[in-house]
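Subject: Structure handover

Hello,

Here is the structure I promised to pass on. Please open it next to this email and read the two together.

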Amino acid sequence: MTVVAPPRGTRTERKPSPVRGRAPVALWAMALVAVVPAFAPIAYLVWSVVRAGVTDTGGISAGRLLELFLSTAVLVAAVTITTAVLGTATAWLTTRTDLGGRGLWSTLVTLPLVIPSYVGALAMLGTSGNSGLMTEALRAVGLPGLPVFAGFWAAWGALSLWNFSFVHLLAVPAIRRMDPALEEAARGLGSSRWRTMFTIVLPQLRPALLSGSLLVSLYVLSDFGAVSLLRYETFTRAIYAQFRGRLDVTPALFLSGVLVIVALVLVWAEQRSRGRANLSAAHPTRPPSPVHLRGIPRLTAYGFLSTIVIGALILPLVTLVWWAARGMSLGNTVGSVIPELIRSVSVSGMAAVVTVLAAIPLAILTVRHAGRATRALESITWSAYSLPHLAVGLGFLVLALRFVPALYQTVLLLIIAYVAMFLPQALTSAQIGLRQIGPSIEEASRGLGSGALATLRRITLPLLWPSLLAGGALVFLTVMKELPATLLLRPTGFETLAVRIWSASSELFYTQASVAALVLVAVSAVPLYVLVARDLHD
Amino acid sequence: MKRIVAILAAIVMLAACSGDDADETTTTGAPSDPTTTAPAETTTTEAEAPDTTEASAEALVLYSGRNESFVEPVIEAFTAETGIEVDARFAGTGELATTILTEGDDTPADVFWAQDPAFIGGIAKEGLLTELPSDITDLVDERFQDANGHWVGITARGRVFVYNTDLVAEDEVPATVWELTEPQWNGRFGVAPTNGSFVAFVTGMLLAEGEDATREWLEGIAANNPVIFEGNGPIVDAVVAGDLDGGLVNHYYLLQRIAELGEVPAANHFFGDGDPGSMVMATGAGILAASDQPDAAAELIRYLLAAESQEHFLSLFEYPLIEGAGTPEGQPALADLPVFDVSLTDTADTLEPALTLISESGLN
Amino acid sequence: MSNGYTLAIRARQVSRRFGDVVALDDFNLDIHSGNVITILGPSGSGKTTALRLMAGFDRPDQGSVEIGGVTVADDETFIPPERRRVGMVFQDYALFPHLNVARNVGYGVPKTARRRRVGETLELVGLTGKESRMPHELSGGEQQRVAIARALAPAPSVIMLDEPFSNLDAALRTRVSAEVAEILRTAGTTAVFVTHDQEEALSTSDFVAVMRAGRVVQAARPSDLYHEPVDEWVAGFLGDADFFNGHAVAGKVTTPVGDFPTDLDGSVRVMIRPESVLLSPSDNGGAVVRQRQFFGHDQLVTVVLRNGLQLRARLGPTPNFEAGDAVTVSVERATAFPAN
């Protein structure tokens with residue numbers, strides 16, 4: 001969406017719009033209502049840990065805690081760095097070079113987002129080991145088979161492959177917004193390509209990369225399905241194990257409490273380092289000249305992109321199809337999948353709508369009336385997002401039982417939990433859109449006689465619509481894939497596709513699991529298309 | 001673009017409405033919907049809100065630690081015969097037990113069918129189960145039910161060590177569970193420490209051998225690099241595929257695999273008499289005290305012990321518990337299994353210590 | 001349109017600070033109906049803040065603002081922008097990107113009068129026929145005119161323009177600013193420009209208010225401002241000038257280039273504008289050419305007097321002076337300021 005503005009470079013030094021005094025009370029009221037569900041589980045978890053006494057760890061020793069902390073930290077660090085590198089590389093190769101089919105590559109590289117990491121892990125398992133697809137293929141040509149993909153390396157690979165696309169999606173528009181004049185100036189001063197990359201390009205991409213990295217590291221912290229299937233011990237896996245294997249919620253709550261702190265630290269660190277991210281709407285007046293790749297570098301680039309697409313997209317899909325086909329040919333029943341699909345789509349749709357609505361007052365508050373209080377509000381929404389979904393589910397479960405039993409095991413509670421967990425996705429999108437719109441358009445409307453509400457209706461919302469749509473699509477996609485909180489909070493008998501995949505794979509019904517997984521992937525392609533079409537083909 | 005989204009949104013809304021109707025276990029989340037939100041009703045006496053679902057009676061809620069594929073056919077037959085709808089929630093036994101404990105009096109569950117005696121015993125110990133009618137408890141040998149009549153065994157299973165016959169020689173197979181703590185088994189076997197059967201097995205060990213020995217064993221296992229799984233099925237799969245040499249599981253998994261795949265290079269090994277590894281345990285079912293439909297609940301349990309159901313379990317290689325129901329094909333009779341004499345009722349007492357020990361050993 | 005009151009806007013003792021930064025400090029300004037006035041000042045002088053306060057997009061910490069005799073802001077009152085009927089043209093135009101030209105222009109006009117007003121104002125700015133275009137389809141100049149039309153359409157009592165020409169090339173600037181001033185005069189609306197460009201201010205307005213550090217230091221007609229600046233700073237800000245020290249006695253100040261009348265006494269600073277300096281080549285003149293800048297339509301010649309004093313002269317393109325030429329200097333006009 002082009003924003004009407006004078007050519008870049010001629011803007012004078014006008015100060016940023018001054019604080020518009022107090023925001024209307026109604027706005028604050030709406031924002032608080034939106035934030036309460038996010039705040040409730042955090043408050044409860046902290047309170048229950050405090051109440052039980054910090055000493056009552058439920059049999060979890062300090063040594064074990066340290067062990068979990070280290071194993072989780074290592075995975076988070078490894079995946080964050082890997083995805084940052086991968087995502088930036090793919091973004092760069094598909095926007096700044098002269099490789100053929102750049103648009104196609106960019107789309108292909110984003111597609112892995114339709115594959116939830118636990119489905120990817122499932123495919124990894126189905127590909128490796130003595131009964132795996134790759135093993136069979138390799139053995140057919142006389143090569144040794146693959147060992148079972150499990151443990152740290154597998155978890156690292158799985159979480160990197162199915163998360164780097166987040167970084168790619170954020171890096172592409174950031175690269176497009178860069179002014180090539182800066183790089184040209186550097187090159188003119190004698191800086192080599194690589195040096196320019198590190199000293200000029202990457203610093204400009206820093207806000208986008210930091211946002212992407214935070215998303216990824218929080219996701220890894222929260223991941224439950226993949227690390228369980230691949231058998232790597234992280235905090236989340238331990239929390240679930242404690243929940244499954246003990247007769248008391250306390251140890252699970254305690255671990256969740258620790259995890260909350262870790263997640264909050266991450267969020268705080270990112271906020272600090274982001275500083276004043278300047279989200280300018282204008283595009284550079286002159287497109288940069290593409291980097292020409294020839295010979296070995298060109299081949300390497302193609303090879304790199306192909307490997308990623310094969311590993312993250314083609315191989316898992318092929319494995320799933322193979323499993324499904326083989327299972328059905330052996331006469332295994334596929335079982336129940338369509339009702340799960342309908343439930344997944346309806347609950348994801350409802351969650352997306354509610355989340356977007358909740359994000360609007362929050363976005364207006366945090367962008368147009370920024371201040372310490374609004375920043376605190378924003379931190380709360382990010383905190384719930386950063387909590388492992390298992391912990392959030394646990395918190396809501398106990399909260400509901402204790403205070404609002406009528407909500408227990410209802411779809412309504414499930415949606416409230418989704419909103420609490422994924423509000424930041426819609427919020428960020430709305431914030432970016434709002435910043436692009438800029439306050440002067442709203443002021444123009446007010447100067448022309450439209451009050452605040454009329455301005456919102458006639459000007460802000462219509463212009464914000466694409467961002468809201470993107471935010472909603474992202475929430476839809478994420479809720480479709482969500483597993484742990486759904487497992488805990490779902491009404492009895494309300495299985496979503498994600499739950500069906502999980503229970504099918506734990507019961508070793510790989511036929512059903514793969515069919516359900518393929519359906520999930522296919523349906524997820526729709527919101528992904530909405531997201532990608534907007535961001536990439538800008 | 002706007003139009004496409006509007007159409008999609010309409011589809012989603014339609015799906016939401018139809019999805020709720022088509023699903024017999026519907027919940028729309030509205031507080032007036034009584035289907036699964038029994039809590040409001042259980043805390044007020046007798047008042048039952050008007051039914052808004054299609055079923056003629058309120059559905060029975062079953063918390064099942066047994067697999068869906070295992071249970072679903074039986075439930076469907078039950079509904080067909082009695083007309084009583086059943087909403088089943090499938091999850092790990094421990095998880096369900098914890099859930100019931102957390103739900104307390106507000107639990108929507110009517111029946112709890114656990115995979116093992118220890119967790120359901122723990123629930124019974126908290127007073128959350130009512131006493132079963134005597135006609136039910138009379139159906140089953142007293143060895144396989146709660147001494148206080150709060151739960152009754154539906155089927156039984158033996159603990160075994162499944163191993164890959166290509167990778168493990170006959171004489172290598174461990175004679176006792178203690179051998180698994182020895183160096184030759186380092187990194188070669190799998191366990192599922194959160195699984196109900198494993199927990200029950202540890203409670204049995206505690207009863208027979210005491211805390212010190214049990215702790216020593218658990219720590220020995222943990223130090224011997226076991227491969228940790230979430231459930232028994234994946235262990236057996238790995239063994240069959242040759243990715244794992246052996247593992248501690250229940251007897252019927254391998255039999256199901258063989259039925260599915262034909263011959264496989266794997267076998268079950270029963271430990272000897274007196275070895276905790278040969279513990280035979282019952283899967284227990286009980287009626288929640290907070291249930292507002294104890295009669296219907298009893299009907300369900302009765303049905304689980306009826307001949308057709310027990311035959312169904314038999315076909316899936318579990319040991320049925322009613323008289324004269326038979327023995328799974330190719331397996332030793334129940335009476336002939338190695339004996340590890342512990343009272344299943346007593347395992348409820350050692351549940352907490354077992355869980356703590358498992359956690360402290362680092363296995364969980 | 002004038003509503004009968006002669007004072008379109010009156011700002012009294014307005015102050016506004018943002019944290020530690022004082023944007024406006026005892027800002028006072030009277031704007032009379034029907035005038036085109038410019039608030040002129042360097043960046044950071046507070047002119048944009050003043051504009052926003054008058055339009056209602058911000059609230060003063062102290063002081064009062066009246067529009068058409070009605071108090072719109074003071075300690076008790078605050079009337080929001082949508083009820084002030086002040087038209088605003090933003091620096092970046094702020095056209096609504098999702099509405100076409102007609103809808104943009106008609107946005108602030110009640111339905112019944114919309115069609116008519118849109119037609120009238122588009123004709124006024126010369127964009128008749130472009131009603132269904134979208135903003136991004138227009139050139140920069142056209143976008144600006146749409147912004148002006150949009151601000152004028154609701155027939156406001158005052159229209160404010162924030163640095164409207166800063167985005168244009170220098171070549172266009174003079175022509176466009178003249179056109180816009182003409183449009184506004186035809187409309188009869190009181191117009192308030194804000195700019196840092198003194199040429200633009202002097203050429204388009206009836207009155208110019210010069211701001212510095214949050215307050216108005218001088219408000220007068222352009223020629224008065226130019227020739228009788230209130231202090232050295234204003235003088236330097238409004239145009240090229242050379243300064244040197246002098247001494248005034250009995251109504252005149254004696255300088256190396258002649259005597260000039262003044263009311264001041266004692267030590268003074270003398271200001272001479274280049275356009276008041278005449279040069280003629282001569283062999284025994286009192287000065288030597290130091291440097292010459294040729295601009296095509298005029299030239300700026302720097303000369304050094306015998307006593308070392310340096311002056312600049314702005315002349316027509318001829319004669320072609322060169323460095324080292326001897327010239328005679330004569331000065332038409334000089335202004336004296338108190339020495340501080």
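Below is what was found, starting with how the chains meet.

A few ground rules come first. This is a predicted model: local features need pLDDT of at least 70, side-chain atom pairs count only at pLDDT 80 or more, and totals for chains, interfaces and linings use all residues. Residues are numbered from 1 along each chain as its sequence is written, while chains are lettered from A and ligands numbered from 1 in the order in which they are written.

**Chain contacts**

Two pairs of chains touch, and the pair with the most contacts is A and B. Two residues are in contact here if their C-beta atoms, placed from the backbone, lie within 7 Å. Chains B and C share no contact; their closest C-alpha atoms are 14 Å apart.

Take A with B. Chain A gives 46 residues and chain B gives 56 residues. On the chain A side, the elements with two or more residues are helices H11 (235-245), H14 (338-368), H16 (389-403), H17 (411-437) and H21 (497-506). Helices (H or I, at least four residues) and strands (E, at least two) are DSSP runs, numbered from the N terminus. H14(A) supplies the largest share, seven residues. This side of chain A has 23 nonpolar, 16 polar and seven charged residues. For these classes, Ala, Val, Leu, Ile, Met, Phe, Trp, Tyr, Cys and Pro count as nonpolar, Asp, Glu, Lys and Arg as charged, and the others, Gly among them, as polar.

Now A with C. Here 25 residues come from chain A and 31 residues from chain C. Helix H18 (439-447) and helix H19 (452-481) of chain A each give two or more residues. H18(A) has the largest share, with seven residues. The chain A side splits into 11 nonpolar, 10 polar and four charged residues.

**Helices in chain A**

Two packed helices are described by the angle between their axes and the distance between the axes. Axes are lines fitted to C-alpha atoms, for helices over the stretch in contact, and angles run from 0 to 180 degrees between N-to-C directions.

H2(A) (residues 62-96) and H7(A) (residues 164-177) have axes that come within 8 Å and cross at roughly 45 degrees. That makes H2(A) oblique to H7(A) (under 35 degrees is roughly parallel, over 145 roughly antiparallel, 65 to 115 roughly perpendicular, the rest oblique). The crossing of H2(A) and H7(A) is right-handed (left-handed if the near helix is turned anticlockwise from the far one by less than a right angle, right-handed if clockwise). Contact residues include Trp92(A) and Arg96(A) of H2(A), and Phe164(A) and His168(A) of H7(A). The contact of H2(A) with H7(A) holds nine nonpolar, six polar and two charged residues.

H2(A) also meets H13(A) (residues 295-329): the axes come within 11 Å and cross at roughly 125 degrees. H2(A) and H13(A) are therefore oblique to each other. Their crossing is left-handed. Leu86(A), Thr90(A) and Leu93(A) of H2(A) meet Ala301(A), Leu305(A) and Ile308(A) of H13(A). Five of these residues are nonpolar, one is polar and none is charged.

Arg206(A) marks a kink of about 55 degrees, shortly before the proline Pro207(A). The bend at a residue is the angle between axes fitted to the seven residues ending there and the seven starting there.

**Backbone in chain C**

Most residues other than glycine have a negative phi, and most peptide bonds are trans. Asp26(C) has a positive phi, near 55 degrees, and lies in strand S2 (residues 21-32) of chain C. The peptide bond from Thr318(C) to Pro319(C) is cis, with omega near 0 degrees. Pro319(C) sits in the loop between strands S18 (310-315) and S19 (326-331) of chain C.

Best wishes
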